[in-house]
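Dear colleague,

Here is the structure for your files. My notes on it follow below.

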Amino acid sequence: MRFNRMLLSTTLVIVALVIQVSVLARLHLPGAVPDLVLLTVLGLALVYGHVGGALIGFGAGLLSDFAPPADHAAGRYALVLCVIGYLAGLAKPETGRLKSATGPMAVVVVAALGSTLLYAGVGALVGDDAARHVGLGSLLFTAALYDLLLAPFVVPGIMALARRADNDPLAETGSAAKASDVSSGWLSSGTGLRIGNQRGGLRIKAARSRMARAGRIKGVKRL
């Protein structure tokens, strides 16, 4: 990953983690806690692709594993977000632009359900059955509901920041020059005429008109 991507991703993940731990976790909402870190990883993965999404997800999950009040095995959430970031990056549009909000919202719902199930599954493998006592069904419903309600305020802004930070001025200059070359080529070759040929044609027409005028003048003098 490039330096600007790493810097932006690290900053956004840390800010999201601080807000989630200090604000969202203290709301004491029924069921799950709104996962702002997950939404941040999804927004970045939809711009940077599956490789970037996996790397960002792993780093964000590892920070979440060590952030207080973490009460689970280290690396558990890193594995979950790494898989989710990779899969979300596969949904990145080829053009880099989303035509509607349906796709990102579907990705958010699937990621919320998938992360909850994967987190509970990994916990069952290591002997953590806290999800059974809370109720897996209520966790799935509330996780999808909270993330879906929070996503319109987070994911578009994350994607816009990622696109802006990913822009290269040299690349933009090169693309603008290429566009001007294409437009000039269209003007010169798309019409089937060139500027030099147009000037030559105008000169020939002017010479012919002068010769015709001179011929008419001579004819009048002879008369």
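What share of the contacts in the protein with a separation of 6 or more is accounted for by residues 24 or more positions apart? The share is 73%. Please keep in mind that this is a predicted model.

On the overall make-up: the protein has eight helices and zero strands, so the order of elements from the N terminus on is α-α-α-α-α-α-α-α. Of its 223 residues, 33% are buried. The protein exposes about 14,000 Å², and 67% of that area is supplied by carbon and sulfur atoms.

Ser115 is a residue of another kind of setting to look at. Ser115 sits in helix α4, residues 102–125. Is Ser115 buried or exposed? Ser115 is buried, because its relative accessibility is 6% and buried means under 20%. Apart from neighbours within four places in sequence, Ser115 has Leu38, Val80 and Ile84 as its contacts.

Regards

Terms used:
Residues are numbered from 1 along each chain as its sequence is written. This is a predicted model: local features need pLDDT of at least 70, side-chain atom pairs count only at pLDDT 80 or more; totals for chains, interfaces and linings use all residues. Side-chain values use heavy atoms; hydrogens and water are left out. Helices (H or I, at least four residues) and strands (E, at least two) are DSSP runs, numbered from the N terminus. Buried means under 20% relative accessible area, exposed over 50%, partly exposed in between (1.4 Å probe, protein chains only). Contact means heavy atoms within 4.5 Å. Accessible areas come from the Shrake-Rupley method with a 1.4 Å probe; for residues, only the protein chains shown count as cover.
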